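Here is a short briefing to read alongside the sequence and the 3D view.

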Amino acid sequence: MNEILNKISLCVEFGKINKVSPYPPNMKDQDGADELTRRALDEGVSPGEILENALVPAMEKVGEKFTRKEIYVPQMLMAAKAMNSALVHLKPFFQSGETKRKGKFIVGTVSGDLHDIGKNLVAMMIEGGGWEVIDLGVDVGTEKFLKALDEHPGAVVGLSALLTTTMENMKKIVAAIKEKHSDSKILVGGAPVTMEYCQKIGADFYSPDPQGAVNYLKQLVS
């Protein structure tokens with residue numbers, strides 16, 4: 001791997017945002033993902049190479065470590081912040097169409113539920129996997145999901161619920177999406193959700209952790 005891509009990847013994996021960031025201590029006063037990404041572009045490395053050969057593999061490692069319980073939410077959040085500091089430099093190329101994303105992912109916590117940590121972790125990991133994320137936020141009802149699908153046809157939809165009481169709303173939203181957009185892929189997750197419940201309500205995939213969601217989306221476009 002190109003040396004600078006390797007450095008960007010390490011910065012994202014270990015949460016080194018920029019030079020002034022004190023975290024992680026063993027990388028103090030070193031350039032972070034912010035400065036290195038800018039430098040890579042200035043040196044002629046393409047945005048696509050930075051995304052595919054630095055950011056995506058770094059976030060995959062982060063997701064795998066989280067799945068194995070080798071790191072926890074704070075470390076994931078630092079990695080996501082480092083990734084976002086790099087993405088700031090790449091977004092103009094996405095917006096111009098010069099660099100393509102893998103697809104679009106609409107995500108939200110279902111109506112009646114205000115919890116967003118799990119939803120945010122999934123959104124960050126999927127964005128790090130090279131997808132454009134349309135985050136609808138929390139307490140999202142059926143109409144808002146349908147409107148987002150109308151605006152972004154072909155997008156994969158992710159539904160999150162943390163409460164057994166709001167799981168029923170997940171069921172209603174899945175039914176409405178499948179009725180209007182029968183080809184839409186829907187993945188579900190959240191503390192009380194299981195594969196059995198996913199199958200019962202007609203969703204396409206259940207993942208107990210963010211990396212599982214990333215792997216499912218990767219499989220859809222492979």
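**Helices on the sheet**

Helix 6 (residues 142-151) lies across strand 1 (104-109) and strand 3, and runs at about 170° to strand 1. Helix 9 (residues 210-221) also packs on the sheet, where it touches strand 1, strand 3, strand 4 and strand 5. The direction of helix 9 makes about 170° with that of strand 4. Please keep in mind that this is a predicted model.

- The five strands form an open sheet in the order 2-1-3-4-5, and their pairing is parallel.
- Which strands stand at the edges? They are strand 2 (132-135) and strand 5 (205-206); each has a single partner strand, so one side of each is left without a neighbour in the sheet.
- Strand 1 pairs with strand 2 in the parallel sense, over four bridges. In this pair, Lys104 stands opposite Glu132 of strand 2.
- Strand 1 is mostly covered, with five of its six residues buried.
- Strand 3 (residues 156-160) and strand 4 (residues 186-189) run parallel and are joined by four bridges. Leu159 is placed opposite Val188 in strand 4.

**Helix 1 and helix 2**

- The axes of helix 1 (residues 3-14) and helix 2 (residues 33-42) come within 9 Å of each other and cross at roughly 155°. Since angles over 145 degrees count as roughly antiparallel, that is how helix 1 runs relative to helix 2.
- The crossing of helix 1 past helix 2 is left-handed.
- From helix 1, the residues Ile4, Lys7, Ile8, Cys11 and Val12 take part, and they meet Ala33, Leu36, Thr37, Arg39 and Ala40 of helix 2.
- By residue type, this contact of helix 1 with helix 2 has seven nonpolar, one polar and two charged members.

**Helix 1 and helix 4**

- Helix 1 also meets helix 4 (residues 73-96): their axes come within 6 Å and cross at roughly 140°.
- Helix 1 brings Cys11, Val12 and Glu13 to this contact, while helix 4 brings Ala79, Ala82 and Met83.
- The residues of the contact of helix 1 with helix 4 divide into five nonpolar, no polar and one charged.

**A closer look at Ile4**

- Setting aside neighbours within four places in sequence, Ile4 is in contact with Leu36, Arg39, Ala40, Glu43 and Val45.
- Ile4 and Ala54 are 50 residues apart along the chain, and their C-alpha atoms are separated by 9.0 Å.

**A closer look at Cys198**

- Cys198 belongs to helix 8 (residues 195-201) and is buried, with a relative accessible area of 1%.
- Which residues does Cys198 touch, not counting those up to four places away in sequence? They are Val188, Ala203, Asp204, Phe205 and Tyr206.
- Cys198 and Leu187 are eleven residues apart in sequence, with 8.1 Å between them in space, C-alpha to C-alpha.

Conventions. Residues are numbered from 1 along each chain as its sequence is written. This is a predicted model: local features need pLDDT of at least 70, side-chain atom pairs count only at pLDDT 80 or more; totals for chains, interfaces and linings use all residues. Side-chain values use heavy atoms; hydrogens and water are left out. Two strands pair if DSSP finds at least two bridges between them. Helices (H or I, at least four residues) and strands (E, at least two) are DSSP runs, numbered from the N terminus. Contact means heavy atoms within 4.5 Å. Axes are lines fitted to C-alpha atoms, for helices over the stretch in contact, and angles run from 0 to 180 degrees between N-to-C directions. Angles under 35 degrees count as roughly parallel, over 145 as roughly antiparallel, 65 to 115 as roughly perpendicular and the rest as oblique. A crossing is left-handed if the near helix is turned anticlockwise from the far one by less than a right angle, and right-handed if clockwise. Ala, Val, Leu, Ile, Met, Phe, Trp, Tyr, Cys and Pro count as nonpolar, Asp, Glu, Lys and Arg as charged, and the others, Gly among them, as polar. Buried means under 20% relative accessible area, exposed over 50%, partly exposed in between (1.4 Å probe, protein chains only).
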